[in-house]
Amino acid sequence: MSHRLATGGRLIDRAQEQKFTFNGKTMRGFKGDTLAASLLANGQVLLGRSFKYHRPRGVVASGAEEPNALVGLGRGDSYEPNQRTTTTELFDGLVAESQNHWPNLNFDLLALNNLVPQFLTAGFYYKTFIQPRAFWKHVYEPIIRRSAGLGKAPATTAKDPDRYEQIYAFCDVLVIGGGIAGLQAALSAAQAGAKVMLWEQTAYWGGRAPVDMVEIDGEPADVWIRRTVETLENMPNVQTRLRCMGAGVHDHGYVLGYERVADHIPTSDAPRHRLWRMRAGQIVTATGAIERPLSFAGNDVPGVMLASAMRDYVVNFAVAPGKEVVVVTNNDDAYRTAITLRKAGVGVAAVVDARQDPQGALPMHARELGIRILTGKGIRKVKGGKRVTGVEICRIDSKGTAYTDKLDCDAVAMSGGWSPVVHLWSHCGGKLIWDEDGSFFRPDPDRPPLGANGSGFVQTCGSAAGQMGAVLADAHASAIKAAEALGTTVAAAAAPATDTMPDAAPMEPVWMMPRNAEYDLRMKMWLDFQNDVKVADVQLAAREGYQSVEHTKRYTTLGMATDQGKLSNINGLAILSDALGQPIPATGTTTFRPPYTPISLAAIAGEARGTVFQPLRRTPLHDWHTENGADWEPVGQWRRPYTYRQAGESRHDAVNREVKNTRQNIGLLDASTLGKILVSGPDAGRFLDMLYTNMMSTLKPGKCRYGLMCNENGFLMDDGVVARIDEQSFLVHTTSGGADHIHAWMEDWLQCEWWDWKVHTVNLTEQFAQIAVVGPKARTLLERLGGMDVSREALPFMEWRDGKLGAFDVRVFRISFSGELSFEIAVPASQGRAFWDKLMEEGKDLGIMPYGTEALHILRAEKGFIMIGDETDGTVIPQDLGLNWAISKKKEDFLGKRGMEREAMIDPMRWKLVGLETLDGSVLPHGALAVRAGKNTNGQAITEGRVTSTYYSATLGRGIAMGLVERGPERMGEEISFAGEGDKRITARIIDPVLYDKEGEKQNV
Amino acid sequence: MSDLAQSALPGAEFEGFVTIREAGLQGMVTLRADLAAKPVIKAIKDATGCAIPKQRRVTLGEAASVAWMSPDEVMIFCAHDKAASIASALATALKGSFATVAVVSDARAVFSVQGAAWRDALAKICPVDFSTLSEGDIRRTRAAQVAAAIWVSGKEEATLVCFQSVAGYMFDLLSTVSAKGSEPDLYRLPTETS
């Protein structure tokens, strides 16, 4: 039974008890505990069920590498699945629940999978369930999905109440890892004059050194750690962060850091997580190393732990994993655990050492303490189901058919050697080499990730670099190298302190225990605990022809779980290499990708939620629209009123009312979103002649002209009215959605192609509120305001004037997109609301009403005016729309000219714009295709056109539409058939698209 | 027209670990021209009393300030009702040369971010190393999802300029990132002399 020791625990504060619940049961821990530590302290060894076989699982590790001890944390809106108990700091009121079992943790019916493992081997889903075909989707998959998987997703209605944020930061040297190597690297880099940031993923400094009995300058490591942290915190050029994990290293020294600001203080008003977006000149990874499990039968039974984790629990949290422990190892390091346990008063049944004759300082010390050591042996199998009850021992070189000893114990500490944490080094292309002595991959210092200048931007030090003994000198050297690489004048950094550890004899690789284990044992040797991948699975994959490590990974799912194979990687590679009969470096590793451990999606979203999820652009009249019944529609990032609904009015009725009122009285339209780009300079006319298909340079000041813009391929891209302001400048109006794009398009040509043309562009879109005053009584209203002459003679159609209307500074354009008498009036945005209010007030008795975008569309469609995005879709040229009149024949060149001359563009069979009139007066469905009798070679219906705009016209009392139809303009009066829902066909006649005031008399009064 | 004119979010204010205030109407004139040309230097001097600012700097004058925007662009900050006259003076002085003048006051919204920790608030949304900016500097960047210019307008104050249409977004954004309790303590305050 795991339990709390009476004394000790360097990270806990026994004076501060904290209550929490696990599966509804109240438990107690101390401040400073991790959740895993306090669960163990409460005797809770069984923590969850495995992914496929639903085997009982307990804590294996003590940090980010933990594969098993995942729980659901919190409840309701704050519930989160798959949280690592080993990295979760305990807080008062914490609520945890175990995962992946049914009906409960102790009695899991789905553990029946465990009885038929032969059906669930590597790639089982590709082969076992292949027949009958239809069964996969309807029978097998639902069953497997129910049985497999870890935590449940939060409820779809759950709304995370916490806050999250991001932060941009910059430093010269970023040190990742706050163990003694990281602390030394930060200190040396700072003393050398660099601006330093130091991140540590846990809640405390110093890493493993205090647990691993390291001495620095003859004192326990803790003393040096405290002193060094204090020094760093007082240096003005150093920033330190606990609970901040280096998540990913990217190009150009861009590093993502994941700071868990308030996970441990959930009631505070601090943001829960903060995502650091760091730019570092140089990065030093001091990320330490992770111990490897040993592969023996039953190595996943609760109570089997990494040897290093076991001593972490004893030293840091005063938690003993059991009363009687067997230590199994292939190296000297695990003896530290035996020694630590013995000194803490925990029974050590034996150390089982795979080596024949361990003579290092640590084994000698263990012998002196009277610990029993079995050499040349291994564990044949672990006994017990939900908890270790004993182990059977066999000779390491045997097949494991019989045991030599049987030991009773309730916990097993295993150590298969160490692997440097090379993830961050590797993210951006740092290469690895195989270290024969330590049997691990370590960073190859000659092949670091390369920066923009072709030299390395990541250094690595300490055990992350494969230095498994003393690390401070190495850390110092790495920091100085980083500072020098930045060209920092290296000030005198003090020589590092000396760290010492007992000498260690070489380890002896043991990839399978015993070495010649038979199949039934191999079926119970876990490589990847979280994804339930065993030695036998990897061997099977190799037999089935999988040679590439990446393919084997995906076939077996080795290393694909939320722990990304931190424990299983090297062991799996070794088994695969052995099965393929090649050395491990020939097999290589899979790719290390960010993030190092999972980070919250909310941190990635940062502040972007609620009202700041996305920018909402508001015109100066937005609030008025809101107050007056606006039924909004999104137009790019703007919101525009689709219509203004009056009390009890349907949307359709509101639109019809607005259309009629505008034709009969006056309508007001907020046209502020229209793009307004000032194009100015001696070459402005020449420039616009290139941008537009028609001639703009001949326009006289004071006049307006409608124009079309095409891309290089000749496809219509934007349209609008250009007003010539003076000799050198034009005001270009673009579509609402096109303003930013056209401005960028102009700058692209000016900066990249015609860089010597003297043209400036200024985007004035938001400088003005633009209000269209439309309808037969529009002039009457403006005359009431007074201040300028808006008569037909003084301000003719397609001209503009600056002046005053009442007290307002205005520029009035006589342009019409509705076919009515129409003035578009630009006022400075700050005056927009007052001007609109004034118009509404003065126009009351004239029947003034605002109208929205739908009425705008109907009014223009009645006139046969095209709309970019309706009549165009990126494949339409102006000629398709009968706009040949707006294409200059005189100009030598303009953007799109040659594109329009391509064979496909001059094909007489192209679909061209026509009006469409249903025989029954109904409204054609939007986008409906015109179909002809017969099928094409693919057996599909033959089409000859499509609807591009379709509305109910209140003016005409029936449906109106425009569409693109094959040779349309040549087929006036013909009836064609449009596809409705299902097999329904709607007959429509081809007509002239201009249905209202074809002569244009109304707009020209 | 000051009685008819109103800014984007009149009176908006938020008290966090810094104070966010909508700064009201601010006159702004953009000038694009060859900033090394003598007539341009003179025109700006005559219209504003200011010299052409160096890269990323703002020159302060009595009635107007001139901010560097790009190698061929400056922005003149002035009283809202003075923008038109400054613009027309510049246009007249530079008539016939390759120079573009436009009043852009109303295309913008202006916020002040006041408090010693203004860098910490803005660091959450702007990809800028604020330790490189000191009083009188200006920097064009983005704030989360929209364009912004940040002018270090005081010892413990920054002035942020954005487009008028996104004033609401910007105010909500600045309020969100300056909420009390979320101080990142990234930029240390200058050490007080004790």
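1. Two residues are taken to be in contact if their C-beta atoms, placed from the backbone, lie within 7 Å. By this criterion, and leaving aside residues up to four places away in sequence, Met798(A) touches Lys703(A), Cys704(A), Arg814(A) and Ile815(A).

2. The model is predicted: local features need pLDDT of at least 70, side-chain atom pairs count only at pLDDT 80 or more, and totals for chains, interfaces and linings use all residues. Residues are numbered from 1 along each chain as its sequence is written, while chains are lettered from A and ligands numbered from 1 in the order in which they are written.

3. Met798(A) sits in the loop between α21 (778–785) and β43 (800–805) of chain A; helices (H or I, at least four residues) and strands (E, at least two) are DSSP runs, numbered from the N terminus. The C-alpha atoms of Met798(A) and Tyr706(A) are 8.8 Å apart, across 92 residues of sequence.

4. Helices α12 (residues 535–543) and α14 (residues 569–580) of chain A have axes that come within 9 Å and cross at roughly 40 degrees; axes are lines fitted to C-alpha atoms over the stretch in contact, with angles from 0 to 180 degrees between N-to-C directions. The contact involves Val535(A), Val538(A), Gln539(A) and Ala542(A) of α12(A), and Gly572(A), Ile575(A), Leu576(A), Ala579(A) and Leu580(A) of α14(A).

5. Ala189(A) touches Val173(A), Val175(A), Ala194(A), Val196(A), Ala479(A), Ala482(A) and Ala483(A), residues up to four places away in sequence not being counted.
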